[in-house]
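I set out to record what could be looked up in this structure, entry by entry.

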Amino acid sequence: MAAAIIKETPAPSGSKPSPQPSQPSQKSMSKAERRELQERQRAAKLVQKQQIGGPSAPSSAKSKAPSAPQRKQQAADAAKSKDSSAAKDLATTSAAMDDVSSGLKSRGLRIFSHFGVPKQLGSGVKGVTDIHPAIIRIGLLFSEFKICGANARCIATLSAFKTVRPMSVTMGNAIRQLKLEISGSDIDLPEQDAKDELCQTIDNYVRDRIIFADEVIQDLAGKKIKDGDVVLTFSRSSLVQKILLHAHAEGKRFSVIVIDSRPLNEGKALLKALTSVNPPLPCTYALLSALPSLITEATTVFLGAHSLHSNGAVYSRAGTAIVAMMAKAHGIPVVVSCETYKYSENVMLDGFGKNELAPAKFSPSDPKPSLMLEVLNPLYDVTPPTSITAVVTEVGMIPPSSISSIPLALGVATL
């Protein structure tokens, strides 16, 4: 304050004003610098008022008392200063409360911060006009969970890529074969021919790696279903649904136990599909909490997979690991049906290192989230290879210990 008083002391009437150093514009200043500048200007005005009308100023007969308009102006300035300081205090208090509130709210989510938390539509999207409408449309369907399942999402993604110009597509590491086709295309090939060739490659990929693979797996896994069996499955896998319907179409008489769980309750869709055929399949529907009471009635457990890893672990819908481990404890064979295009060379040990949270709209209405309570719905878990009897793929039935040989069985180094 002393330095500010010395700088702002008005020069004598006979001396020339010293040149002031040029100050940067307020737009280029940071918020803290602008606040400091305002405090210095306010202190300088206060010093000037004290020197002019304060007790330290020399009292003479020539000095005049401030007029009524000046008194009104000073009162208005003082009130404005009080309002501004009160507003600053309120803003500071509000910001502090927000920090405390956010700290309390994020305290429970801190260890889950690396999970894929769903965001609101349109948040964090840059350059939306540069994204093809087909990609935006498929992304909205994914975010609303109107397209679920690994097969359905892969087919929808590849179908969306077919509508985009080939030279503009970046498909990521998950579709290495398609990237290889793009990088190996002839640069002298006309654009339309390159597009047709890429679309044909996408069609062949869907046909060979998904559709034909599912048909082969249906035949292999269907042989494990006998008359009188009770097949237990969890949630909904499109491939398991095809296996059950294929075995039913062959005239095999068996029943199905559908175990389901929140938040998606996908087992209801499987139950509807199994009971809609003629004649309908005998089914029992129960939640995951009823598994201990029903597991003893099952003769075989069929499960789907989101991905299959080189260490034999299966990454699938949350709850799959509980079903597999409980079936293993009761001596019931656990058969996982999975296409080879879901194979990953990564090693996965648990579902904590990588996972995804379900959107808030799938959370139950009770209890409601609060500052001290956060509802979490992880979508996937990891089933250890020790709980799996066999994995049925289009290249055959493989034990979990030999999962890493899938690329060799396909005749390729990597998938």
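This is a predicted model: local features need pLDDT of at least 70, side-chain atom pairs count only at pLDDT 80 or more; totals for chains, interfaces and linings use all residues.

**Entry 1. Helix packing around α7**

I began with the helices that pack on α7, which spans residues 191-222. Helix α6, residues 176-183, packs against α7 at an angle of about 155°, and their axes are 11 Å apart. Because an angle over 145 degrees counts as roughly antiparallel, α6 is roughly antiparallel to α7. I noted the crossing of α6 past α7 as right-handed.

I then turned to helix α5, residues 150-162, which packs with α7 at about 165° with the axes 10 Å apart. The α5 and α7 pair is therefore also recorded as roughly antiparallel. Here the crossing is left-handed.

**Entry 2. Salt bridges**

How many salt bridges does the count give? The count comes to 7 salt bridges, and I looked up several of them.

In helix α2, residues 31-53, I found E36 and R40 4 residues apart, a separation of about one helical turn. Their side chains meet in a salt bridge at 3.5 Å, N to O. E36 is partly exposed at 46% relative accessible area, and R40 is partly exposed at 40%.

R42 forms a salt bridge with E39, with the closest N and O atoms 3.3 Å apart. These two residues are 3 residues apart in α2, which again means about one helical turn between them. I recorded R42 as partly exposed at 34% relative accessibility and E39 as partly exposed at 40%.

**Entry 3. Cis peptide bonds**

The bond from R262 to P263 is cis, with omega near 10°. P263 lies in the loop between β2, residues 255-260, and α9, residues 267-275.

The bond joining N278 and P279 is cis as well, with omega about -5°. I placed P279 in the loop between α9 and β3, residues 283-287.

**Entry 4. Positive phi values**

S235 has a phi of about 55° and lies in the loop between β1, residues 230-234, and α8, residues 238-249. At 5% relative accessibility, S235 counts as buried.

N265 has a positive phi of about 50° and is not a glycine either. I found N265 in the loop between β2 and α9, where P263 also lies. N265 is partly exposed, with a relative accessible area of 21%.

**Entry 5. A nonpolar surface patch**

Which residues form a nonpolar patch on the surface? I131, I136 and L140 do, with about 200 Å² of accessible area together. I131 sits in the loop between α3, residues 68-107, and α4, residues 133-143. I131 is partly exposed at 33% relative accessible area.

**Entry 6. D227 and S255**

Last, I looked up D227, which is in the loop between α7 and β1. D227 is exposed, at 59% relative accessible area. D227 and S255 are 28 residues apart in sequence, and I recorded their C-alpha to C-alpha distance as 9.2 Å.

Definitions and conventions:
Residues are numbered from 1 along each chain as its sequence is written. Side-chain values use heavy atoms; hydrogens and water are left out. Buried means under 20% relative accessible area, exposed over 50%, partly exposed in between (1.4 Å probe, protein chains only). Patches are made of residues with over 30% relative accessible area and no salt bridge: like charges are joined within 9 Å, nonpolar side chains (Val, Leu, Ile, Met, Phe, Trp, Tyr) within 5 Å. Accessible areas come from the Shrake-Rupley method with a 1.4 Å probe; for residues, only the protein chains shown count as cover. A salt bridge is a side-chain nitrogen of Lys or Arg within 4 Å of a carboxyl oxygen of Asp or Glu. Axes are lines fitted to C-alpha atoms, for helices over the stretch in contact, and angles run from 0 to 180 degrees between N-to-C directions. Angles under 35 degrees count as roughly parallel, over 145 as roughly antiparallel, 65 to 115 as roughly perpendicular and the rest as oblique. A crossing is left-handed if the near helix is turned anticlockwise from the far one by less than a right angle, and right-handed if clockwise.
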